2 protein chains.
Amino acid sequence: MTKLEKYFPAMAWLKGYSREDMQTDAMASLIATILLIPQSMGYALLAGLPAVVGLYAGIIPAILYSLFGTSRTLAVGPVAITSMMTATIAMPFALPGSENYAAIAMMLAFLSGVFLILMSLLKMGFLSNLLSHPVISGFISASAILIAVGQFKHLIGVQAHGNNLIELAKSMMLHSKDINLPTVILSAISITLLILLKRYLTPVLSKLGLAKNTASMLGKAGPVIVVVATTSCVAVFSLDSLGIKIVGDISNSLPTIPFENFTLDTMIDLLPGAFLISIVGFVGSVSVAQSFAAKRKQDINPNQELVGLGLANLAAAFSASFPVTGGFSRSVVNVSAGAKTPMTGILTGLLMLITLLFFTPLFYYLPTAVLASSITISILQLIDFKDFLRLYRFSKQEALGLLATFFVVLFIGMETGIIVGVSLSLLFFLWHTSHPHIAVVGRLPGTEHFRNVNRFDVETDPEIVTIRIDENLFFANARVLEDYVLTLISRHKDIKHLILMCNAVNMIDASALDSLETIDDRLKSAGVMLHFSEIKGPVMDKLTDSSLIENLSGQVFLTQHQAIKALTIKQADA
Amino acid sequence: MTKLEKYFPAMAWLKGYSREDMQTDAMASLIATILLIPQSMGYALLAGLPAVVGLYAGIIPAILYSLFGTSRTLAVGPVAITSMMTATIAMPFALPGSENYAAIAMMLAFLSGVFLILMSLLKMGFLSNLLSHPVISGFISASAILIAVGQFKHLIGVQAHGNNLIELAKSMMLHSKDINLPTVILSAISITLLILLKRYLTPVLSKLGLAKNTASMLGKAGPVIVVVATTSCVAVFSLDSLGIKIVGDISNSLPTIPFENFTLDTMIDLLPGAFLISIVGFVGSVSVAQSFAAKRKQDINPNQELVGLGLANLAAAFSASFPVTGGFSRSVVNVSAGAKTPMTGILTGLLMLITLLFFTPLFYYLPTAVLASSITISILQLIDFKDFLRLYRFSKQEALGLLATFFVVLFIGMETGIIVGVSLSLLFFLWHTSHPHIAVVGRLPGTEHFRNVNRFDVETDPEIVTIRIDENLFFANARVLEDYVLTLISRHKDIKHLILMCNAVNMIDASALDSLETIDDRLKSAGVMLHFSEIKGPVMDKLTDSSLIENLSGQVFLTQHQAIKALTIKQADA
């Protein structure tokens, strides 16, 4: 890999790019664009922005990611979770629909772009690992419910806002008298159609004799069919006069950016929210990218992904849109449309631009209730109760973490939910590592193997006791070992030698070193010698020059067997 | 150990308590009381409270700890760090000297008592482990400097307050014109005397023919000598008329508690500070208790310590005093006075009470500058720059944590300092575990041992690759393994079997399980089988029923040797 390829990954595929590749990619991007337009508009509505903003977000951001990202198949643009997060974070600052609200969405995109690039420069991508499986699972299920409930207002044609379930429900109750019956009927029809098409379109097309791939791809066109059908109906029968909300006039000009609404104070207030969007977006995007890459034995570089997504978000900000990231459903569309290289992303971006410039009048009569129906159907699949049950069987503690995240997101808010979830994950992990498994071991007769005295019938010596610690030694458990050893010594007054067997210790930090020195000191004053066995190379490298080893009352043995042999002889001599 | 002994540890020593024990303990407590009186008064001044409050804190709290704590030698009462913390936390709420300030100190004691007992009930004592070595070291050095600087106002006879170095310095500059020359001279004499007595009293007494133990004990009486000498001088020559501040009238009545100043709102505001005091106090106390217990092969039960210290703090609150904990210098006094059992603590408490009731007039002319000198001398020993150098050699990262804690405590505040330090410790630990050591291993020729291919000349097979992960698998590094494996697979297209050797994996959480399933899925679609070897018992117990093992493409082998043998045969057959 050349240096140029490292910083500009597009070089890797551009240099071998052929005319045939271009043909495949051009066809794929045409299909992807058609499928992505209603999705992008829907997500813009979800973010509390005009539908057209969804198109803005799919142009330059998608092109930049294709040039600077490392995935061959990931499609970048607005996705459900980050759109929802944008709405939740922006809502307390401005009224959806206002120019100030739009400016806040742009600032969020700008700041999360900055965060992503900073994380790349500081190699801090590992911070995203803090979002453990239970936290992500609880967060996504709760967000999906919030999104679905949030879309409900579009389905019944009322105004409602809220950061959590209670606020949303209250707001909806307040407006319940405004329910628009034609909108409700339209939504019901759309949802039914969407479900039916999703389930039966592919099999029916297959039965009609279409090739499997073609059938499967056309099968994904359900939302497009529903959009075209309902838009035509509304247009022909002027259903908008019955109170059905439509997308309406979309200016076909390029966006303008209200720089006068960008203030440093607001930016500072938006920092935590933007950080959360960038982390959640990054985690989601990388896992989608990896799942596609693995199937093709391709490689994803998470640090370069930070750059690609960061640039995409900066571009989103300067496209007057809102935070973007790599999405599963966008990428599925891309892949099943036959995308071969990131060129599809570039071409899709250009086709979006053409749509924006010339074809927006086609969307004039598109009912927002239909966009909402489509989003609701796709989002409800993200609610995963089985995962909770599976987790509950595996670990009650982690299942509790999932539940806590889920309910806090649902009833208090997304940011608090993530903070509670991450804190619980850390707390449980610390609890676990600070209650390490420690075993007194003895030799299996006739072997060089040493096993737990409580599980095996092993040989022991009252004067030479070996302890195996099954955990890294660091601040969270340093004093636990201290307690354990000192209690052991106070109960077995015969002990002359204590061996710490360290084959499962992968790190020792200063706090643990401190505790080990304390243990050594206290054993010394109790007349017991402290020895070590089977310390791993990297750990020993760090200990070599330490005062622990310099002042150690006993010895460091390479293997446990050598330790017992040497000390038994010593005892016999004494 | 009987159940009664578990909840009432005093039973353990009370049942064998003899008349001789009582004689030794009575003598020890008499000496300890004389030595502790000036110390306790000094700490009360440090906490911003009247000197007499230090005596209150040494009565019932000391007695309760002696009955409910598990250490035989620990002395509980006011100590430097928690007194300093009390001042820092209470200062923003009320003016030192006011009745409201005293009420806040009591509420802090009450709340930290509640926290300690709650931690005991919830078995959350492990939370104190979060205070890693670098955090404690940085915190104590910075606090010692703050305490010394804070005492400076008493040494020069001015008024000054502040939460950090800058505030203290500013405040002192403001009052610099009030410097009282006689006070400065008195302080200089006291400090010189204290240093000389500390260094030369014991050797001189030894040379004069005193027994070593007696000489060493009397050697600790330096502060008492200085107190008696200076108090007499001030009384005889009426030096207080020159502006030297004296302790003055101490009401010899028992304290009254200003319940009317206890409000729920203030208590809620004090929660974080009280939590910090209880954690810092607990950590300090337990480590002192353990260092004494180990020398005598005695046992400390940290959970029961929480109860003992919790009750002591509740008692401190209802004695109209301030937070207490087990202290090193108090305990040294106790031990060198010849204390045999916790009875010394009980008797010292009773003697304090007698002092309070009958002997307070003796302290009328005691100059506060002398108390401050004594505290300054003892506190400066806690500043430990060598520890920083030692840590720096061991781990640059941890040394940075120490520095950050130190400077934030010094220039911003104690609470922020602790929070920054703990966050950095966690961050560094997560950074470390999320960059685990992963090695591709091969067989050392002619053995059953498998070692790193980069360090040893080992046998490998291009189709069967073994990876050893030297770390627990959990959320912070789950995706790292995913990246590593997928990158490996994308670079070595010959691989047919991948073995994960898990001898250093002590835990697998749900996030890691998830990643392992993802790895298995992706390897499957790349035509590679995934196997495990040397999974530990407790880890295997958790995995047995999981979908990972159910759906695993490969097998789970007990040892790495068996895995290679079986797979090599399989490959040969294929």
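Helix α18 (residues 385–394) of chain A packs against helix α22 (residues 510–525) of chain B at an angle of about 115°, and their axes are 11 Å apart. That makes α18(A) roughly perpendicular to α22(B) (65 to 115 degrees counts as roughly perpendicular). Axes are lines fitted to C-alpha atoms, for helices over the stretch in contact, and angles run from 0 to 180 degrees between N-to-C directions. The crossing is right-handed: the near helix is turned clockwise from the far one by less than a right angle. On the α18(A) side, A:R390, A:L391 and A:F394 meet B:A510, B:L513, B:D514 and B:E517 of α22(B). Contact means heavy atoms within 4.5 Å.

This is a predicted model, where local features need pLDDT of at least 70, side-chain atom pairs count only at pLDDT 80 or more, and totals for chains, interfaces and linings use all residues. Residues are numbered from 1 along each chain as its sequence is written, chains are lettered from A and ligands numbered from 1 in the order in which they are written, and side-chain values use heavy atoms, without hydrogens and water.

**The sheet of chain A**

Chain A holds an open sheet of 6 strands with mixed pairing, in the order β4-β3-β5-β6-β7-β8. β4 (450–452) and β8 (556–557) of chain A are at the edges with a single partner strand each, so one side of each lacks a neighbour in the sheet. Helices (H or I, at least four residues) and strands (E, at least two) are DSSP runs, numbered from the N terminus. Strands pair if DSSP finds at least two bridges between them.

Helix α21 (residues 475–491) of chain A covers β3, β5 and β6 of chain A, at about 160° to β5(A). Helix α22 (residues 510–525) of chain A lies across β6 and β7 of chain A, at about 140° to β7(A).

**Strand pairs**

| Pair | Sense | Bridges | Opposite residues |
|---|---|---|---|
| β7(A) and β8(A) | parallel | 2 bridges | A:F532 and A:V556 |

In chain B, 5 of the 7 residues of strand β3 (residues 437–443) are buried, so β3(B) is largely enclosed by the rest of the structure. Buried means under 20% relative accessible area (1.4 Å probe, protein chains only). β3(B) and β4(B) form a hairpin with 6 residues between them, and B:G446 in the turn has a positive phi of about 80°.

**The annotated stretch**

UniProt lists "domain: STAS" at residues 454–567 of chain A, in an unreviewed entry. Such annotations may be inferred rather than shown by experiment. Over residues 454–567, chain A is 46% helix and 17% strand, with its end C-alpha atoms 23 Å apart.

Key. Buried < 20%, exposed > 50% of the residue type's maximum accessible area, 1.4 Å probe, protein only. Parallel < 35°, antiparallel > 145°, perpendicular 65-115°, else oblique.
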